[in-house]
Amino acid sequence: MKFTSAKITGPVARRLGTGLVAGLVAGLSVLALSACISNTPEKTENVGGTSNAKAGSNDEKGDTVVIGFSAPAADHGWMGAISEQAKTAAEAYEDVDFRLAEGTNEVGLQISQVETFINDKVDAIVLLPFDGAALTPVALKAMEAGIPVINVDREFNDPNAARVTVLGDNYGMGVSAGEYVCEQAGGKTDAVVAEIAGIDSLPLTQDRSKGFKDALAKCDLDVDNRVAADFTVEGGEKAASNLLQAAPKIDFLWNHDDDQGVGVLAAINNAGRDEFTMVGGAGSANAMREIESDKGVLKATVIYPSTQAADGIKLARLLAQDKAMSDLVEVTVPRTIQLDAPVVTKENVAEFLPTAFES
């Protein structure tokens, strides 16, 4: 098991989460990421840090807290960005001692990483589990030891295993993609719609497809051609090639994932197809640059934030320092925070590019 531990100091290069909107479950209003800091943050040279923070704000330096972080291996762009942005968020604070566990897809190893955090008596743990169900018992153990756990992206199967859960919105991704297609179809009910999903056995893929189907139904459209890939470039290219052979005409195509979208776009270019509008998913930087250029079929992508763990770090610091989200009247941090799934087009791409991940 490998850990790196260091006292984080120095200014942060950029503020994470600009333009990112967070939806709070349990009827709370939509909040910006800056809600984790203060309502009127000071503009200082140390953006997001503590040295020049406004007195009394959540960014003001407090007692040093130790935050442990564990996530799966960075085997694709989105997951790599998760860990990198968590680290960057920690670097914003002089009062955070950040313990980064080596990314792993081995459940046993990730469990032992969390057990090490428990034995080290860290102040909080931010955990994106490779398998939510498998990591539930050790997360419960941490909570029982008085260490708050912030569960990111893949939920535990016991709500008591986390003090806070930070989620993306997979169903909402499908809805956003479907609503965009409906808008672009402009009432044309015979438009041919295709879908390239991720791994069909995963609940997240099922949620995305259901949201897409439900949104299309509102404008009397449905999915005419559907294939599933595996969130890889190779899988995306193979699935897209099969789809394009089976569907001689397409008006709209939604691809669930921009990492596999690299392969999807390659297949589209190889086939010489350009008669349709493509929508991506997750929000990679290369997809956004393609949208910005406005030269190909890719015209939009739907965000699945890679800033979730960065939000988790900020929330862990608040919990460990006994603070709350200052834009809320509530005096404690909420139990669940679900992030928005906005559509990125050439009109708003500049807002989202700074926090996008590289495929």
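A pocket, in the sense used here, is an open set of grid points with protein on both sides within 12 Å along at least five of seven lines, and its volume is the space filled by probe spheres set on those points. In this predicted model, the second largest pocket holds about 210 Å³ of space, while the largest pocket has a volume of about 810 Å³.

| Pocket | Volume | Lining | Classes in the lining |
|---|---|---|---|
| Largest pocket | about 810 Å³ | 30 residues | 13 nonpolar, 7 polar, 10 charged residues |
| Second largest pocket | about 210 Å³ | 13 residues | 5 nonpolar, 4 polar, 4 charged residues |

Of the residues that line the largest pocket, Asp153, Arg154, Asn170, Leu202 and Leu204 lie nearest its centre. The elements that give two or more residues to this lining are H1, helix H4 (170–185), helix H5 (203–217) and helix H7 (258–271), and the largest share, 4 residues, comes from H5. In the second largest pocket, the residues that lie nearest the centre are Pro72, Phe130, Asp131, Gly132 and Arg154.

**Aromatic pairs**

A pair of aromatic rings is described by the distance of the centres and the angle of the planes. The count for this model comes to 3 aromatic pairs. One of them is formed by Phe69 and Phe98, whose rings are stacked, with 6.2 Å from centre to centre and 25° between the planes. This pair links distant parts of the chain, since Phe69 belongs to strand S4 (residues 65–70) and Phe98 to strand S5 (residues 96–101), 29 residues apart. Both Phe69 and Phe98 are buried.

Another pair joins Trp78 and Tyr304, whose ring centres are 5.6 Å apart and whose planes stand at 40°, so the pair is tilted; planes count as stacked under 30 degrees and as edge-to-face over 60. Here too the pair links distant parts of the chain, with Trp78 in helix H1 (residues 77–91) and Tyr304 in the loop between strand S13 (298–303) and helix H9 (308–320), 226 residues apart. Both Trp78 and Tyr304 are buried.

**A charge over a ring**

Tyr304 takes part in a further contact, in which the charged end of Arg208 sits over the Tyr304 ring, 5.0 Å from the centre of that ring.

Note on methods: Residues are numbered from 1 along each chain as its sequence is written. This is a predicted model: local features need pLDDT of at least 70, side-chain atom pairs count only at pLDDT 80 or more; totals for chains, interfaces and linings use all residues. Side-chain values use heavy atoms; hydrogens and water are left out. Rings of Phe, Tyr and Trp (its six-membered ring) pair if their centres lie within 6.5 Å; planes under 30 degrees apart count as stacked, over 60 as edge-to-face and the rest as tilted. Buried means under 20% relative accessible area, exposed over 50%, partly exposed in between (1.4 Å probe, protein chains only). A charge sits over a ring if NZ of Lys or CZ of Arg is within 6 Å of the ring centre and within 35 degrees of the ring normal. On a 1 Å grid over the protein atoms alone, a cavity is a set of points where a 1.4 Å probe fits but cannot get out, and a pocket is an open set with protein on both sides within 12 Å along at least five of seven lines; lining residues have an atom within 4 Å of a point. Ala, Val, Leu, Ile, Met, Phe, Trp, Tyr, Cys and Pro count as nonpolar, Asp, Glu, Lys and Arg as charged, and the others, Gly among them, as polar.
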